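Please open the model in your viewer and follow the stops below in order, selecting the residues as they are named.

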Amino acid sequence: MRNANGDVIGGRQVPVTVSSSVPQDERTKKMRNAGIRTLWTFIMIGGFILLLLMGHVYMILLVMLCQSLVYREVTALFSLGMKGKGEDTKVTTDPKGRAWSNTFNWYFFAVTNYFLYGETIIYYFKHVVFSDANFLPFAMSHRLVSFMLWTMGFVAFVASLKKQYLKQQFGLFCWVHMTLLVIVVSSHFIVNNILEGMIWFWVPASLVICNDIFAYVWGVTLGRTPLFKLSPKKTVEGFVGALFSTVILGVVYGTFFMRFDYMICPAHDLGVSAWSSVHCKPNPVFVWRDWTMPPPLRLVASSILGQNVTHIPYAPYQFHVLALACFASLVAPFGGFFASGFKRAFDIKDFGHSIPGHGGMTDRMDCQFLMGMFAYVWYSSLVREMHVTVGSVLQTIVSGLSTHDQVELFMDLKRYLETKGITV
């Protein structure tokens with residue numbers, strides 16, 4: 001036997017066994033983390049679907065919650081960045097300085113949301129806002145009030161400048177406004193997608209999630225070639241496999257959901273849900289059409305299928321969802337790469353701990369902001385129909401005509417309707 005110094009004791013040598021408790025503990029920890037991550041994945045998906053069914057208001061509240069958590073996580077990195085540079089951090093460590101920084105952050109966050117959500121309410125609910133005298137002051141002065149609120153914050157910021165902390169204070173000012181531009185403005189477009197029709201929010205968001213899952217599956221099974229140095233786990237095989245899988249799934253997925261009025265109808269009443277009776281005249285992109293096949297292709301298809309085939313049914317939305325799927329596969333992942341580079345710059349693993357097993361909300365939303373903006377720009381540029389609505393006419397009347405002219409217009413409209421046999 002040998003003692004601790006390696007000497008033989010009693011003439012016998014006993015084999016020494018190395019404890020494997022450390023690797024075992026590591027494996028147990030990884031399995032536990034994987035279990036937590038899987039559990040919260042199903043909780044998030046289930047909650048997402050439940051809120052979708054409950055209605056537009058709940059989806060908007062979800063977007064507001066996500067943007068608030070992301071904003072908090074990103075703005076919190078400013079003090080970490082200053083410490084990493086060796087800056088004087090008395091402003092952040094001093095209770096008064098830290099309280100002012102938090103007040104400054106959230107004040108501009110509230111003002112920006114007031115402006116953006118106010119614009120959304122005025123645009124999408126003109127028929128309510130301009131028909132109720134109680135809402136008129138808000139609608140008519142909304143932009144002026146928003147600007148004055150921002151100006152008050154700007155004046156307060158300048159008045160609080162201190163010579164010894166100028167670099168940090170101006171850095172915080174720029175950091176906050178860039179965060180507002182990237183996060184809050186993007187969230188505003190996502191809310192607009194919800195109000196334009198739930199399908200313009202649900203399908204793009206789902207495509208990003210599916211693409212991420214497909215990239216993981218293909219990467220694990222076939223991945224060999226690294227794709228991006230900032231994300232060493234991403235592979236070319238996973239990226240390409242996810243592209244084709246997302247495109248195929250996207251067309252099938254979009255074709256299924258375009259069948260439901262609840263998904264395609266713009267929001268005119270925030271009280272509706274998936275169980276409500278929702279009807280509207282569908283946008284032409286959701287209307288099925290027939291494509292007449294050229295004679296050579298018709299002959300080939302008929303011989304293969306064993307019956308005469310002359311037309312192929314399609315809906316224009318299928319081409320739009322094809323473009324959304326390509327963007328979700330080719331461009332949206334770069335939002336994740338951007339976030340990975342951001343985390344490497346601050347030497348952190350996750351943006352926060354908002355979601356057990358998943359890190360921060362920013363880690364889950366890094367691609368969604370980019371996707372949401374693209375979906376809105378695509379829809380507003382190529383899909384949205386520009387019609388004269390009651391709300392838009394009412395807005396013009398209220399904001400452009402005097403009270404006397406409004407009364408005269410009402411009397412003229414009344415006489416016109418009476419000639420049509422309609423009693424007012």
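Select lysine 29, which at 44% relative accessibility counts as partly exposed (between the classes buried, under 20% relative accessible area, and exposed, over 50%, with a 1.4 Å probe and protein chains only). Lysine 29 lies in helix H1, helices being DSSP runs of H or I with at least four residues and strands runs of E with at least two, numbered from the N terminus. This is a predicted model, in which local features need pLDDT of at least 70 and side-chain atom pairs count only at pLDDT 80 or more, while totals for chains, interfaces and linings use all residues. Residues are numbered from 1 along each chain as its sequence is written, and side-chain values use heavy atoms, with hydrogens and water left out.

Next, select cysteine 265 and cysteine 280, whose sulfur atoms are 2.0 Å apart and form a disulfide (a pair of cysteine sulfur atoms within 2.5 Å). Both cysteines lie in the loop between helix H10 (261-264) and strand S3 (289-292), so the pair ties together parts that are 15 residues apart in sequence. Cysteine 265 is buried, at 3% relative accessible area, whereas cysteine 280 is partly exposed, at 26%.
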